[in-house]
Amino acid sequence: MGYDLSMRLWRGDRSGGELADYVVAVEEGEVVLDAIHRVQATQAGDLAVRWNCKAGKCGSCSAEINGRPRLLCMTRLSDFEPEETITVTPMRTFPVIRDLVTDVSYNYEKAKEVPAFAPTPPDKDGNRRMMQADVERGQEFRKCIECFLCQDTCHVIRDHDDNKSSFAGPRFFLRYAELDMHPLDTNDRRKLAQGAAGLGMCNITKCCTEVCPEHIKITDNAIIPMKERVVDRRYDPVVWLGSKILRREQRNET
Amino acid sequence: MTAGLLGAGRARIPQKTLRKDRWWLAPAATFVVFAAFVVYATWRAFTGELYYAKPYLSPFYSPCLTTECLEGSSDFGSPITWWALSPALIILVFPLGFRMTCYYYRKAYYRAFWLSPPACAVAEPHGKYSGETRFPLILQNLHRWFWYAAVAVGAVLTFDAVLAFRNEDGEWGHMGLGTLIFVVNVVLIWLYTLGCHSCRHIVGGRLRHFSKHPVRYRLWGLVSKLNEKHARYAWLSLFSVAIADLYVYLLARGTIEDLRFF
């Protein structure tokens, strides 16, 4: 059964803007993106919104719904009361291009700073092999759809623009962790993660995990393990002593 | 002052948050409970009395290692002769340090006490932010050291729970409500301690090849299961340790009698 939904959509660009009110007819079972498309089709043909798959897999339609970073296509209207006004704004951590569309190039710049996978030489038959247990460990990290909601909600850059130069953000700590745990990778990313990527800036308040639409446990399975790996390298005398006594590099140990 | 939500090029939205839910409830509850615990623990730690009622020794004072300890409470002797303040202060620094540097507690108190941030997508009030890169917060990296100490403290509390199966005359094979409280407390303490993120890393998380270390991989899996409930055990063990201490206090003060089962 359909009803009239009240929406407030942010309209504007870098020079300014405001929340504009709309009332749009919606149907049972629809998502916020459906309502926005109907506004676009019937009332505001110039409304800018980025979207693609409508299935929560492309990571394009990231925005903030009633102040919470979410995917427009995965937020059901049934999550709200029919009489409730739904407010949609662009992600507030990134520069806006227009209306609900933001410039997320910050993330692409940070992606370039992560050293690429550098595998060990192949076996004699030319293949590289991994056991299933080692393959499974990284699968969770590969679920990332790069919607950048974790980056958007991270207060390190959301509330402090000047940290952007020295902080890679949770999405890329995920990448650092994935590669650092990869059994065939030869790089030691711990120093880089703590230094250039700004791992120490994270105070593990878990907002990245809360907003992840893929339910990746970013904090518990990527950021904290990376912090612990940095502790191995810099702050744990037992690990340091072990590496000296056994005369082995920490990296080669495992 | 650093530019936050109104930083260069961002959508000009003046509100610090547009959230409509009760986002303030969780940090407010955390603040109240943690503050209450800190006040209670500080009072109990500094009093230096009413912490031993045979056969129960308050977990705040265990092990009691100074010459100031009440008679019968020093199960490990009194090697510390130079300490004149409450014996609890020497011991509590280890579990306190463990919890203060715990990844879960950090999340909780950064949100509730420092409002950094108070909740997700709610702007924090601070002009500058350097995270855990500088003193004193860089000391959070010592969490693992405190974990090593917490394992020792857990072993001592286990010993205390075993000793609680005695009666007032020191005879074995008895049990009271205090015994039950001590056992539940030590179980929760272990569930919290062994679910620690540092423990998870040490037992197997630091490996690159799970497949080459099947035993450690199995242990890592077990610790990971505990780790998923780390926050729950952090809270439950916080309550249980306070309840265990309060029970001993009330017994020692003569307010209540120990309910003996057998």
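In this predicted model, I65(A) has R68(A) as its bridge partner in β4(A). That pair belongs to an antiparallel arrangement, with four bridges joining β3(A), residues 62-65, to β4(A). The hairpin has two residues between the strands, and N66(A) there takes a positive phi near 50 degrees. Back to R68(A): on strand β4, residues 68-71, R68(A) and R70(A) make up the uncovered face. The covered face is P69(A) and L71(A).

Next, salt bridges. The count over all chains is 37. One of them is R14(A) with D103(A), at 3.6 Å from N to O. R14(A) sits in the loop between β1 and β2 of chain A, and D103(A) in the loop between β7 and α2 of chain A, so this pair ties together parts 89 residues apart in sequence. R14(A) is partly exposed, at 45% relative accessibility, and D103(A) is partly exposed too, at 23%.

Another pair is D152(A) and R158(A), with closest N and O atoms 3.4 Å apart. Both D152(A) and R158(A) are buried.

Then D180(A) and R208(B), at 3.7 Å between the closest N and O atoms. D180(A) is buried at 0% relative accessible area, and R208(B) is buried at 6%. There is also a network of salt bridges with shared partners: E228(A), D232(A), D236(A), R144(B) and R206(B).

Last, chain B. Helix α3, residues 103-112, has ten of its ten residues buried. On the surface, E168(B), D169(B), E171(B) and E257(B) form a patch of negative charge. E168(B) lies in the loop between α4 and α5 of chain B and is exposed, at 57% relative accessibility.

Methods. Residues numbered from 1 in each chain as written. Chains lettered and ligands numbered in written order. Predicted model: local features only at pLDDT ≥ 70, side-chain atom pairs only at ≥ 80, totals over all residues. Heavy atoms only, no water. Buried < 20%, exposed > 50% of the residue type's maximum accessible area, 1.4 Å probe, protein only. Pairing = 2+ DSSP bridges. Patch = residues over 30% accessible without salt bridge, like charges linked within 9 Å, V, L, I, M, F, W, Y side chains within 5 Å. Areas by Shrake-Rupley, 256 points an atom, 1.4 Å probe, with all protein chains shown as cover. Salt bridge = Lys/Arg side-chain N within 4 Å of Asp/Glu carboxyl O. Lys, Arg positive; Asp, Glu negative; His and termini not counted. Charge placed at Lys NZ, Arg CZ, Asp CG, Glu CD.
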